[in-house]
Every structure is written in structure tokens, then in C-alpha cells.
Amino acid sequence: MRNSKLLFIGIGLLMGVLVISLYTSKSQAGIAGTPHDLSGRGWGTNQICVFCHTPHNSASGVNQIVPLWNHGTTAATFTLYSSPSLNAVPGQPAGNSKSCLSCHDGTVAIDTYGTRTGTNFVSGSALLGTDLSNDHPISFTYDAALASADGGLVTPVDATKVVTGIPLYGGKLECASCHNAHDNANGDFLRNTNAGSALCFKCHNK
């Protein structure tokens, strides 16, 4: 009886440690302290979320894409990726891709949020510009027909994801399919480590 109680207590302690560890690792993932944390830049606020989101007076027409959007939105026309081997048909960036590019194309200041017009623009490797011809295609329908036509793509589970962890948006592959703007645990805000091209192999099977 005593041994059973000790075993029960031991299992309870072990479960407690596991829960705390999981909670701690999960709470460490987030924007604070990452390149998306702009709160310490002196750009009118020390808040973290306000550069992209607001609880009130959000941008109309964008909330279906990004909840309570608060940032200036790009109006650029982009040069798209093309290749003789490309079976997908990329469109002008839409959905959350347009939201990402509202900083990363360099046409809208990073500190343009709410009613504020900013003057600080993204630079360095984070600046993609409006010429996306040398970047992975986005805003294209990724479905079973595309996977079949290409022959080197994983057939998606359904219109919401390619595989677990790689979401589709309205059946399309967008920036946020590979990047999670709120989690930099894998570096470059990638949804999965790309060690050994692991992220690439989530969609590409050759």
C-alpha cells in the first residue's frame, strides 16, 4: 500500500514538472524580444501588439484577413515569380501575404499604424521590395489538381492545410503558410525548422 502511494505521488510530481515545462516553453514563444517586437523603438508607444492590431477602430475590409488590423496596407503592384516548371498560377499578393508585405515591401513605413504616418522603413534582408520574381510564389491555389500536375508536391489534406503545421488560407498558399509572425522559435518566424530542408519537404516531395 505504501509503495502504491509513493508511486502515485511520484507520477503526480512528474506530471507536474511536465506541465510546467510545457507551459514555460509555450510562454517563451511569442513576439516579445523578437524582431517583430517594436515596442522599444520610440515610435509613439511601448506596446507590442499595436503596430499590427488594435482593439478598437481597426482598418475596415482587412479584418477578414488579419483580425483587428491596425497597420497601413500596401497598395503596390508586384512583379511575380515565374518559371517554365511552375504549374501554380500566382496572383497579386492577397490575404495575409499583403499584410506581411505592408512592412516587407518597403513602401509603407513600419511605424505607420492607427492614425500615425511613420517614417521608418524596413531594410536589410527583411526588405523584399515589390519585385517578388526571386521569391517563393504566394497567393496561389494549392490543391490536389496542382499536386497532380506538378508531380513533385505533397497532396494537401484539404483546403485548410497541406499537412499539419502548414496552413492554407482560402485554399491558397500565402506567406503565413510557412511563417508565423507571432512565433520566432525556429528563426525567421518559420513554422518549422528548416534543418535538412525539413520545412521545404512539408510541401515538396522531390
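**Entry 1: helix α2**

I began with the cover over α2: the elements over its buried residues include α4 (175–178). Helices here are DSSP runs of H or I with at least four residues, strands are E runs of at least two, and both are numbered from the N terminus. Contact means heavy atoms within 4.5 Å. I then listed the buried positions of α2 (residues 95–104): Asn96, Ser97, Ser99, Leu101, Ser102 and Cys103. Buried is under 20% relative accessible area, exposed is over 50%, and partly exposed lies in between (1.4 Å probe, protein chains only). Just past α2, I found Gly106 with a positive phi of about 80°.

**Entry 2: model and confidence**

I am working on a predicted model, where local features need pLDDT of at least 70, side-chain atom pairs need 80 or more, and totals for chains, interfaces and linings use all residues. Numbering starts from 1 along each chain as its sequence is written, and side-chain values use heavy atoms, without hydrogens and water. pLDDT is the predictor's confidence in each residue, from 0 to 100. I looked up the average for the protein, which is 87, with 85% of the residues at 70 or above. Residues 6–28 fall below 50, and this stretch has zero contacts in the model beyond near neighbours in sequence.

**Entry 3: overall fold**

I counted four helices and four strands. Their order from the N terminus is α-α-β-α-β-β-β-α. Of 206 residues, 32% are buried. For contacts between residues at least 6 apart in sequence, 54% join residues at least 24 apart.

**Entry 4: nonpolar cores**

Which residues touch the most other members of the largest nonpolar core? I got Phe140, Tyr142, Leu146 and Val162, out of 14 residues. Such a core is a set of buried Ala, Val, Leu, Ile, Met, Phe, Trp, Tyr and Cys residues joined through side-chain atoms within 4.5 Å. Leaving out residues up to four places away in sequence, Phe140 touches Ala88, Val89, Pro90, Leu146, Gly171, Lys172 and Leu173. Another core of eight residues lies apart from the largest one; Leu38, Val50, Ile110 and Val122 are among them.

**Entry 5: cavity**

I searched on a 1 Å grid over the protein atoms alone; a cavity is a set of points where a 1.4 Å probe fits but cannot get out, and lining residues have an atom within 4 Å of a point. One cavity of 30 Å³ or more turned up. I noted its lining as Leu80, Tyr81, Pro90, Gly91, Leu132, His136, Pro137 and Ile138. By class, that lining is six nonpolar, two polar and no charged residues.

Terms used:
1 Å grid on protein atoms, 1.4 Å probe; cavity = no way out; pocket = protein on both sides within 12 Å on 5 of 7 lines; lining within 4 Å. Points joined across faces, edges and corners; volume = space filled by probe spheres on them. Nonpolar A, V, L, I, M, F, W, Y, C, P; charged D, E, K, R; others polar.
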